[in-house]
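Subject: Handing over a structure

Dear colleague,

I am passing a structure on to you, and I would be glad if you could look through it before reading my notes on it.

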Amino acid sequence: AVDISVLRDQTGYVTLDRGYKNTGATQSAITFLDGEEGILRYRGYSIEELAAKASFLEVSYLLIYGELPTQEQYDSFATAIRRHTLVNEDMRKIFDGFPVSAHPMCVLGSLVNAMAAFYPDSYDGSNNTDLHITRLMAKLPTIATWSYKRSLGHPTNYPKNELDYIPNFLNMMFALPVEDYKVDPVVAEALNVLLILHADHEQNCSTSTVRLVGSSQANIYSSIAAGINALWGPLHGGANQEVIEMLEEIKAGGGDVAKYIDMAKNAKTTGFRLFGFGHRVYKNFDPRAKIIKKAADDVLNKLGVNDPVLEIAKGLEEAALNDPYFVQRKLYPNVDFYSGIIYRALGIPTNMFTVLFAIGRLPGWIAQWKEMREQKEPIGRPRQIYTGATLREFVAIGDRK
Ligand code: ACO
């Protein structure tokens, strides 16, 4: 049920829709989502077809520029990105100032914001949107790998521009100077599917944040950095890390799925939620979760990985789908429920899961920021219902009780 009221405060009537459950903030031609039917389309193309047939860069182009690229358009987009994968060496000094234990999402958000300082043409009035888009798409994977490499005490890898987008990222993540590293095509393909599934999701929390920050005409780097920070929260993109930690905890406790179902049913008193379950708009199933669940089986089989948490996840899903609490509230696995199991099988550490989500969501954020600017949207500025004191007289500090 959506709880919307029109309330009156001292100044007049205002609509109150906490969490914007049924309030549109924009018109958008980018992503179509039908939560009842479990449909998700980017620019009219079904997510199922894109995940099966497209590359992440093609989908990025589609989201950002509105059409699937011709071969020529694709080549020039991909080449421009290749040419910008290096990150200014001075950014390393900022990076080096972070504690080794810093969460990679904190580092990522900070460094993307710092990009504005390195590219003042983002706020000096010059009209370089395509160049900023290229820089962001090119440099985010490079920056993302730094945190992981440093957590291992390894040197960071420079991009290798003969590699495609995803193999280049994997090479920066996993190659060591002392031995040859060859990207496993199974790993690259699995990542391609995951990134496509995460690439846009209309007006979710991080995307709305990007649009809202951008609506003040803040530069694109700072707007995207704000989106990264919003994504980090455990109720949004941070849920993928929470899911694996929860599944690990269940495994360590002997696999008692029922105990966690009970805790989640008493969410109001326990404060515990089943991470990876429930969605603001999907009320039947999350089409991304459906694809990812199948992909998890395929990828683990192909890589010969036997991860006991996959069975725990399936058991938890089965138990929840048969429990009236979850059925009545229409709580189903969301995109984050099975994605972490795949990331893990690909060798990606848990605290990098949300970073992977950010790399996937970047073209969506960019597309939404661009659309917001092109539509010349006014500054976003929600209203409130004031519930505080009426006019009071100032009391000097010595007279206060
Ligand atoms: N576990 C247990 N109960 C839940 C869960 C859950 N995961 N999710 C919702 N509920 C319950 C709520 O307690 C509430 O119960 P009530 O009717 O008795 O009060 C009811 O279901 C509705 O929940 P709301 O919080 O009102 O739903 P909302 O649309 O605001 O929240 C959200 C959606 C944030 C995704 C929520 O389901 C949640 O916290 N899930 C866990 C975190 C998660 O997986 N986030 C990732 C979402 S996908 C993404 O962002 C990429």
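What follows is an account of what was found, taken by topic.

Please keep in mind throughout that this is a predicted model.

I begin with the sheet. Three strands form an open sheet in the order β3-β4-β5, and their pairing is antiparallel; β3 and β5 are the edge strands, since each of them pairs on one side only. Strand β3, which covers residues 31–34, is joined to β4 by four bridges, and within this pair F32 stands opposite R41 of β4. The hairpin made by β3 and β4 has four residues between the strands, and in this hairpin G38 takes a positive phi near 70°.

On its other pairing, β4 meets strand β5 (residues 45–46) in the antiparallel sense over two bridges, with Y42 standing opposite Y45 in β5. These two strands also form a hairpin, with two residues between them, and R43 in the turn has a positive phi of about 50°.

Strand β4, residues 39–42, has L40 and Y42 on a covered face, whereas I39 and R41 lie on an uncovered one. Taken together with the pairings, this places Y42, the residue opposite Y45, on the covered face of β4, while R41, the residue opposite F32, belongs to the uncovered face.

Turning to the helices, α2 (residues 56–65) is mostly covered, with eight of its ten residues buried. The buried residues are F56, L57, V59, S60, Y61, L62, L63 and I64, and the helix is followed by G66, whose phi is positive and near 95°.

Of the 20 residues around the ligand, A239, R273, F277, G278 and R280 come nearest, and the shell as a whole has nine nonpolar, seven polar and four charged residues.

Q217, in the loop between α9 (205–214) and α10, has a positive phi of about 70° although it is not a glycine, and Q217 is exposed, with 10 other C-beta atoms within 10 Å. K330 lies in the loop between α16 (324–328) and α17 (335–345); K330 likewise is not a glycine, yet has a positive phi of about 55°, and K330 is partly exposed, with 14 other C-beta atoms within 10 Å.

Finally, there is V395, which is found in the segment after α18 (353–374). Is V395 buried or exposed? V395 is exposed, because 9 other C-beta atoms lie within 10 Å of its own and 12 or fewer count as exposed. Between V395 and I47 there are 348 residues in sequence and 61 Å in space, C-alpha to C-alpha.

With kind regards

Definitions and conventions. Residues are numbered from 1 along each chain as its sequence is written. This is a predicted model: local features need pLDDT of at least 70, side-chain atom pairs count only at pLDDT 80 or more; totals for chains, interfaces and linings use all residues. A residue is buried if 20 or more other C-beta atoms lie within 10 Å of its own, exposed if 12 or fewer, and partly exposed in between; C-beta atoms are placed from the backbone. Two strands pair if DSSP finds at least two bridges between them. A residue is near a molecule or strand if its C-beta atom, placed from the backbone, lies within 6 Å of it. Ala, Val, Leu, Ile, Met, Phe, Trp, Tyr, Cys and Pro count as nonpolar, Asp, Glu, Lys and Arg as charged, and the others, Gly among them, as polar.
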